[in-house]
Amino acid sequence: MTQKERIVQALKRCPKKGMSDVELSRACGIARPSARMSEMRRMGYVFASKECKGKNIFGEEVTFLRYTLEKEPEHGRGKVDKTLYGHL
């Protein structure tokens, strides 16, 4: 399973609440899921983000984003963005 597929699967499990970057990282085993999501946007995926507030491990107020999957590209995985894979 690719990292992109893991992200889609994880977000489909939380369609209303969504997941933060940290939650996606832990659930999918991906260091920077937002980087993969940026690539996925160029492929036709649509993500919504909502700003949330919480506390970090030190008890300090922090602001973070929660992501939901709004739309997948038509034809399943979408088109390959040749700017990402110039050697193809």
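## Getting oriented

The accessible surface of the protein comes to about 6,300 Å², and 51% of that area belongs to carbon and sulfur atoms; accessible areas come from the Shrake-Rupley method with a 1.4 Å probe, and for residues only the protein chains shown count as cover. This is a predicted model, in which local features need pLDDT of at least 70 and side-chain atom pairs count only at pLDDT 80 or more, while totals for chains, interfaces and linings use all residues. Residues are numbered from 1 along each chain as its sequence is written, and side-chain values use heavy atoms, with hydrogens and water left out.

## Exercise 1: the fold

Find which pattern the protein follows along the sequence, and how its strands pair.

Step 1. There are three helices and three strands. Helices (H or I, at least four residues) and strands (E, at least two) are DSSP runs, numbered from the N terminus.

Step 2. Along the sequence, the pattern reads α-β-α-α-β-β.

Step 3. Two strands pair if DSSP finds at least two bridges between them. Strand β2 (residues 46-55) pairs with β3 in the antiparallel sense over ten bridges, and C52 has F64 in β3 as its bridge partner.

Step 4. Strand β1 (residues 19-20) is also antiparallel to β3 (residues 61-71), joined to that strand by two bridges. Here S20 stands opposite R66.

Step 5. Five residues lie between the strands in the hairpin of β2 and β3, where G59 takes a positive phi near 85°.

## Exercise 2: an aromatic pair

Explain why the rings of Y45 and F47 count as they do.

Step 1. Rings of Phe, Tyr and Trp (its six-membered ring) pair if their centres lie within 6.5 Å; planes under 30 degrees apart count as stacked, over 60 as edge-to-face and the rest as tilted.

Step 2. The structure holds one aromatic pair. The ring centres of Y45 and F47 are 6.3 Å apart and the planes are at 15°, so this pair is stacked.

Step 3. Both Y45 and F47 are buried. Leaving out residues up to four places away in sequence, F47 touches L11, M37, M40, R41, T68, L69 and E70, where contact means heavy atoms within 4.5 Å.

## Exercise 3: helix α3

Is E39 buried or exposed, and what do the buried residues of α3 pack against?

Step 1. E39, in helix α3, has a relative accessible area of 14%, so E39 is buried.

Step 2. The buried residues of α3 are P33, A35, M37, E39, M40 and M43, and they pack against α1, α2, β2 and β3.

Step 3. After α3 comes G44, with a positive phi near 115°.

Methods: Buried means under 20% relative accessible area, exposed over 50%, partly exposed in between (1.4 Å probe, protein chains only).
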